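How many salt bridges does a search of the whole structure find?

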Amino acid sequence: MSTSFSVGDRVSVRVAYPPGHVRTPFYIRGKTGVVEGICGEFANPEELAYGRDGLPKQLLYRVRFQQSDIWTDYTGSKNDTLVIEISEHWLESA
């Protein structure tokens, strides 16, 4: 399995608004985080939602974001994070 990103890499989530079933939360698009883990290859859920085969499979990454980087009015601890699993086609090098 060849990966585009490694654990510890800084990545940004693409800002895209494709129509239809999308698995990447709206609020995380355009945000930057750090790859925390590589979950493996899985059928693309955005394609599976339409009854297609989900191929080619997509790598799924676990990405950690600082809460204060996501929410401009966040008042919690600066150490609070959110971890989201995101398909590779949504990620770019930061």
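This is a predicted model: local features need pLDDT of at least 70, side-chain atom pairs count only at pLDDT 80 or more; totals for chains, interfaces and linings use all residues.

Residues are numbered from 1 along each chain as its sequence is written, and side-chain values use heavy atoms, with hydrogens and water left out.

The search finds three salt bridges (a side-chain nitrogen of Lys or Arg within 4 Å of a carboxyl oxygen of Asp or Glu). Side chains of opposite charge can pair when their charged atoms come close.

**Bridges between strands** (strands are DSSP runs of E, at least two residues, numbered from the N terminus)

- Glu 36 and Arg 64 form a salt bridge, with N to O at 3.1 Å.
- Glu 36 belongs to strand 2 (residues 32-42) and Arg 64 to strand 3 (residues 58-66), so this pair ties together parts that are 28 residues apart in sequence.
- Glu 85 pairs with Arg 62, their closest N and O atoms being 2.4 Å apart.
- Because Glu 85 lies in strand 4 (residues 81-87) and Arg 62 in strand 3, the pair links parts 23 residues apart in sequence.

**Another bridge**

- Arg 52 and Glu 47 also meet through their side chains, at 3.0 Å from N to O.

**Exposure** (buried is under 20% relative accessible area, exposed over 50%, partly exposed in between, using a 1.4 Å probe and protein chains only)

- Glu 36 is partly exposed at 35%, and Arg 64 is partly exposed at 28%.
- Glu 85 is partly exposed at 41%, and Arg 62 is partly exposed at 32%.
- Arg 52 is partly exposed at 47%, and Glu 47 is partly exposed at 27%.

Definitions and conventions: Helices (H or I, at least four residues) and strands (E, at least two) are DSSP runs, numbered from the N terminus.
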